[in-house]
Amino acid sequence: SLYFILSLWAGLVGTGFSVLIRLELSAPGSVLGDFQLYNLIVTTHGLVMIFFLVMPMMMGGFGNWLVPMMLSLPDMGFPRLNNVSFWVLPISMGLLFCSAFSEGGFGGGWTLYPPLSSVMGHSGPAMDFLILSLHIGGASSIMASINFYSTWGNMRAGCHQFYRVPLFCTSIGVTSFLLILAMPVLAGALTMLLTDRNFNTS
């Protein structure tokens, strides 16, 4: 339920950003009057919708409601890990908004590609806040994925052989496996970007 509440709130925030984007594109010239602000809105819209609407709702919300029910379980395999993986998400979202209010925010697009995400493109702390936000969000995804994968793989009832497990549970298990593989790569790339910005690595 908490995942659904957070993702609903994030969806409203992201929709507000989407309205501002469409307002800016509705007429020739600049409606907002600030191109950096427009780039910031586009960037924040993309990150909010992916990391705080789609992932918490589809994996956290529907997964936590339906996987134990479909596998005839009282709860997920690691309930406390589940709790931690949710409660770091509001912290991650708070850091994302700290980034938006730090020295004009980061307006380099939600893909965070250099050179706009380098220290030459955005020299202030906004990008560093964003990197920390995505690190914490990635840690949340890894924790939730470990929980889902171990629940799906190890806690099936005796009658649930793999070929009899509901397809939704299998899709959550496969997605969890892919997230466990992908999120450390994202974390590594973000760490390299952080050291490029602050410690003059290349």
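This is a predicted model: local features need pLDDT of at least 70, side-chain atom pairs count only at pLDDT 80 or more; totals for chains, interfaces and linings use all residues.
Biologist: Is Leu181 buried, partly exposed or exposed?
Modeller: Leu181 lies in helix α5. Buried means under 20% relative accessible area, and exposed means over 50%. Leu181 has 48% relative accessibility, so Leu181 counts as partly exposed.

Biologist: How much surface does the nonpolar patch cover?
Modeller: Leu181 is one of the residues that make the patch, and Tyr149 is another. The area of this patch is about 450 Å².

Biologist: Which helix gives the most to the lining of the largest pocket?
Modeller: The largest pocket holds about 290 Å³ of space. It is lined by 13 residues, and Trp110, Thr111, Leu112, Leu186 and Leu190 are the closest to its centre. Two helices, α2 (35-70) and α5, each supply at least two lining residues. The most, four residues, come from α5.

Biologist: How far apart are the end C-alpha atoms of residues 6-25?
Modeller: The unreviewed UniProt entry annotates residues 6-25 as one of its transmembrane regions. In the model, this span is 95% helix and 0% strand. Its end C-alpha atoms are apart by 29 Å.

Biologist: What percentage of residues 87-108 is helix?
Modeller: The "transmembrane region" annotation in the UniProt entry also covers residues 87-108. The end C-alpha atoms of this span lie 28 Å apart.

How values were computed: Residues are numbered from 1 along each chain as its sequence is written. Side-chain values use heavy atoms; hydrogens and water are left out. UniProt positions are given in the numbering used here, feature names are shortened, and annotations may be inferred rather than shown by experiment. Patches are made of residues with over 30% relative accessible area and no salt bridge: like charges are joined within 9 Å, nonpolar side chains (Val, Leu, Ile, Met, Phe, Trp, Tyr) within 5 Å. Accessible areas come from the Shrake-Rupley method with a 1.4 Å probe; for residues, only the protein chains shown count as cover. A salt bridge is a side-chain nitrogen of Lys or Arg within 4 Å of a carboxyl oxygen of Asp or Glu. Buried means under 20% relative accessible area, exposed over 50%, partly exposed in between (1.4 Å probe, protein chains only). On a 1 Å grid over the protein atoms alone, a cavity is a set of points where a 1.4 Å probe fits but cannot get out, and a pocket is an open set with protein on both sides within 12 Å along at least five of seven lines; lining residues have an atom within 4 Å of a point. Grid points are joined across faces, edges and corners, and a volume is the space filled by probe spheres set on the points.
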